[in-house]
Structure formats: structure tokens, C-alpha cells
Amino acid sequence: MRECTIHRKTNETDITLSLNLDGSGNFAGTSGIGFFDHMLHAFAVHGGFDLALTMAGDLEVDCHHSVEDLGIVLGQTFAQILSDKGAIARYGSFVLPMDEALAFCALDISGRAFLVFDCVFQNPQVGAFDCCMTGEFFRAFAMNGGITLHIKVPYGENDHHKIEAVFKAAAHALKAAVTPREGGVLSSKGVL
């Protein structure tokens, strides 16, 4: 079973996250940010991942620490589960339409962390979620997961649709990349 649990406590957040890559798309728990929970649920469903979250954050400040720190922990769970990259497809990409918005995600679970995030938002917030935290979440996830991650939203009008399309596209790309395979590390060098 490809699963793990990570606990991370700082002066700003206290997070315990369990991830099962071979789950049935369940999300349990709350970040304390309604729209972010909606995105985490969509991520779980579309990736086929099970996520169980226990979390407390300094939401009296704003959502920044909670969203970024959860990205850190989610990245760490992926890195721990996928420490043997020879057993996965490694690459994944997906284009996802959501009404008027289109999101594209391409990634490489290579151990080399990088993020390209190209998405413009029209509003500062969706609910209590700061739109700018979408990029921060995926930056923290990529850096801590050792993932090269490219995300682009070429067009869209509704920020809710754009952000949701991003989370769903990333989930589908990750689902493809973590698909089990045989034959050793997928690299002409023989190592990553």
C-alpha cells in the first residue's frame, strides 16, 4: 500500500496529513478554509487519492500560513511514498476545461523541484481563500515533493473555475505520473 502520515507543527500551524495514493478519492477533515477544503476534495476525487487532514492554523491572521504549510506537508507525503521513483510512470499531464476556464498541468516526479505557475486572477479572494495562495500552495508542494511542475491557465473569467480547474488538472497529471510501472527508473541515465 502506497501511503503515509506526516505531522508538522510550527508556531503558525499544526498539521497531520495522511495520504493514500491508491485510494478511492476520499477527503476527510478541514483546513478551516471552506473554499480550500473544496479544492482538496476535488484534488482527492480526481486523483483517486485518499486524504485525511487534521489541522489548526492561525486563520485569525489570514489563510497564508495554513495554505502554504499544507502544500509543504502534501509535498512531503508524496516524496516519502515515492522515494523509489523506479516504480512509477514519472511523467503526467492533463488539460482540463471547467466552463469558460481551461487549465493545463504537466509534471515530472524527478526529485528536481521546480514550479512554473502562469495564471492571472481577477479578484483577491474566493470566499476566505486568497487567490494568490494558489501559486504558493503549488510552489510549496513542488519544492517539498521534488516535482517539476508546470501549471498554466490560458483563459477564463471566473476565478473559482480557474482555481478548481488547476487543482483538478494537477490531480489528473499526478494520477498518471504515480501509475506503477516495471523496468527500473525511467531515465536514459539510469538514475534520477
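Reply: The model is predicted, and a search of the whole structure finds 1 cavity of 30 Å³ or more. The volume of the largest cavity is about 30 Å³. Its lining consists of Leu-17, Leu-40, Leu-51, Leu-53, Leu-70 and Leu-74. By class, this lining has 6 nonpolar residues, with no polar and no charged ones. At least two lining residues come from strand 4 (50-57), and at least two from helix 2.

The helices may now be taken in turn. Two packed helices are described by the angle between their axes and the distance between the axes.

For helix 1 (residues 34-47) and helix 2, the packing angle is about 20° and the axes lie 12 Å apart. The two helices are therefore roughly parallel to each other, and helix 1 passes helix 2 in a right-handed crossing. On the side of helix 1, the contact involves Phe-36, Leu-40 and Phe-43, which meet Val-67, Leu-70, Leu-74 and Phe-78 of helix 2. This contact comprises 7 nonpolar residues and no polar or charged ones. Leu-40, Leu-70 and Leu-74 take part in this contact and also line the largest cavity.

Helix 2 (residues 64-81) also packs on helix 3 (residues 133-145): their axes come within 7 Å and cross at roughly 30°. Because angles under 35 degrees count as roughly parallel, helix 2 is roughly parallel to helix 3. Their crossing is right-handed. Helix 2 contributes His-64, Val-67, Glu-68, Leu-70, Gly-71, Ile-72, Leu-74, Gly-75, Gln-76, Phe-78 and Ala-79, while helix 3 contributes Met-133, Glu-136, Phe-137, Ala-140, Phe-141, Asn-144 and Gly-145. By class, the residues of this contact divide into 10 nonpolar, 6 polar and 2 charged. Val-67, Leu-70, Leu-74 and Phe-78, listed here for helix 2, are also the residues that helix 2 presents to helix 1.

On helix 3, a further contact is made with helix 4 (residues 159-177), at an angle of about 20° and with the axes 11 Å apart. That angle makes helix 3 roughly parallel to helix 4, and the crossing is right-handed. Thr-134, Phe-137, Phe-138 and Phe-141 of helix 3 meet Ile-163, Val-166, Phe-167, Ala-170 and Leu-174 of helix 4. The contact has 8 nonpolar residues, 1 polar residue and no charged residues. Phe-137 and Phe-141 belong to this contact and to the contact of helix 3 with helix 2.

Technical notes
Residues numbered from 1 in each chain as written. Predicted model: local features only at pLDDT ≥ 70, side-chain atom pairs only at ≥ 80, totals over all residues. Heavy atoms only, no water. Axes fitted to C-alpha atoms, helices over the stretch in contact; angles between N-to-C directions. Helix = DSSP H or I, 4+ residues; strand = E, 2+ residues; numbered from the N terminus. Parallel < 35°, antiparallel > 145°, perpendicular 65-115°, else oblique. Left-handed = near helix turned anticlockwise from the far one by under 90°. Contact = heavy atoms within 4.5 Å. Nonpolar A, V, L, I, M, F, W, Y, C, P; charged D, E, K, R; others polar. 1 Å grid on protein atoms, 1.4 Å probe; cavity = no way out; pocket = protein on both sides within 12 Å on 5 of 7 lines; lining within 4 Å. Points joined across faces, edges and corners; volume = space filled by probe spheres on them.
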